[in-house]
Amino acid sequence: RECDVSDTVINSLISDYLVCTGFKDAAYAFAEEAGVPLDADSDPRLASLEARDRLRQLMLSGDVDAAFDLILELAPGALDTEHTLLQHLHELRFITLIRNGDYEAALVYARDEMSPHAASHAHLLPQLERVLGLLAFPDPANSPLAFLLSPAYAEEIAAEANRVVLERTPGATQDGSPQLSYLLRLLFAAEDELGKHAKFPRLASLLTGVLTEPQ
């Protein structure tokens with residue numbers, strides 16, 4: 001049976017996604033176009049929206065030092081417990097040095113900062129080994145690890161930093177995930193449960209909305 005979803009609900013989900021993920025300009029532009037009010041009194045996430053947007057831009061531009069400082073300002077003490085994020089920030093600084101061709105400085109940074117931190121948290125060692133693999137290639141940009149140098153990888157780390165900051169935003173009730181993420185997890189859980197009892201078309205692609213044959 002088909003289920004109609006109103007434009008109001010869809011617009012609300014899009015607005016929530018933009019605010020949650022820290023896209024300030026897009027959030028306000030969409031709010032104006034779609035008529036979705038953004039009220040700082042009812043949504044505490046808006047208080048940090050501009051700063052979270054700036055944090056993403058700093059990380060994408062490779063200004064990791066400024067990103068470190070902003071995270072410490074927005075979420076004091078977060079990097080004392082968010083060991084994976086801290087390692088990823090170390091990685092981003094290392095990658096910036098590699099991208100700039102400063103291999104000697106990258107080696108020193110890996111020895112003095114990245115490696116000791118990963119050694120203190122064993123679950124981080126595999127990702128340390130992976131990023132250090134960039135040093136094995138004369139031209140990292142044309143190596144199997146070239147994706148580490150891409151803006152998309154920096155965007156992943158920026159999204160992680162945004163989540164950590166949002167989780168520590170006073171008054172915010174979410175865990176840093178957009179409502180759309182909850183709905184998708186609910187959808188996949190419902191598919192798994194229904195699949196135990198019946199065959200039905202499953203969602204094959206989030207991008208296209210294409211369904212599989214009943215299975």
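Arg56 and Asp53 both belong to helix α3, where they stand 3 residues apart, about one turn of the helix. Helices (H or I, at least four residues) and strands (E, at least two) are DSSP runs, numbered from the N terminus. The side chains of Arg56 and Asp53 form a salt bridge, with 3.1 Å from N to O. The term salt bridge denotes a side-chain nitrogen of Lys or Arg within 4 Å of a carboxyl oxygen of Asp or Glu. Side chains of opposite charge can pair when their charged atoms come close.

Helix α3 covers residues 49-61. Arg56 counts as buried because its relative accessible area is 12%; buried means under 20% relative accessible area, exposed over 50%, and partly exposed in between (1.4 Å probe, protein chains only). Asp53 is buried as well. Apart from neighbours within four places in sequence, Arg56 is in contact (heavy atoms within 4.5 Å) with Thr21, Gly22, Phe23, Glu155 and Ala158.

## Basis of the model

The model is predicted: local features need pLDDT of at least 70, side-chain atom pairs count only at pLDDT 80 or more, and totals for chains, interfaces and linings use all residues. Residues are numbered from 1 along each chain as its sequence is written, and side-chain values use heavy atoms, with hydrogens and water left out.

## The chain as a whole

The chain contains 10 helices and 0 strands. Of its 215 residues, 38% count as buried. Among contacts between residues at least 6 apart in sequence, 52% join residues at least 24 apart.

The accessible surface of the chain is about 12,400 Å², and 56% of this surface belongs to carbon and sulfur atoms. Accessible areas come from the Shrake-Rupley method with a 1.4 Å probe; for residues, only the protein chains shown count as cover.

## Further salt bridges

The whole structure holds 10 salt bridges. One of them joins Arg45 to Asp43, with the closest N and O atoms 2.9 Å apart. Arg45 and Asp43 are both buried.

Another salt bridge pairs the side chains of Glu167 and Arg168, at 3.8 Å from N to O. Glu167 counts as partly exposed because its relative accessibility is 31%, and Arg168 counts as partly exposed at 30%. Through salt bridges that share partners, Glu82, Arg163, Glu167 and Arg168 are joined into one network.

## Nonpolar cores

A nonpolar core is a set of buried Ala, Val, Leu, Ile, Met, Phe, Trp, Tyr and Cys residues joined through side-chain atoms within 4.5 Å. The largest such core has 38 residues, of which Leu55, Met59, Leu89, Phe94, Ile95 and Leu134 touch the most other members. Two or more residues of this core come from each of α3, α4 (64-74), α5 (78-81), α6 (83-99), α7 (103-119), α8 (125-132) and α9 (151-167). Helix α6 gives the largest share, 8 residues.

Apart from neighbours within four places in sequence, Ile95 is in contact with Val131, Leu134, Leu148, Leu149 and Tyr153. A second, separate core has 7 residues, including Ala27, Phe30, Val36 and Leu49.

## A nonpolar surface patch

Val5, Val9, Ile10 and Ile14 make a nonpolar surface patch of about 290 Å². Patches consist of residues with over 30% relative accessible area and no salt bridge; like charges are joined within 9 Å, and nonpolar side chains (Val, Leu, Ile, Met, Phe, Trp, Tyr) within 5 Å. Ile14 lies in helix α1 (residues 7-21). Ile14 counts as partly exposed because its relative accessibility is 34%.
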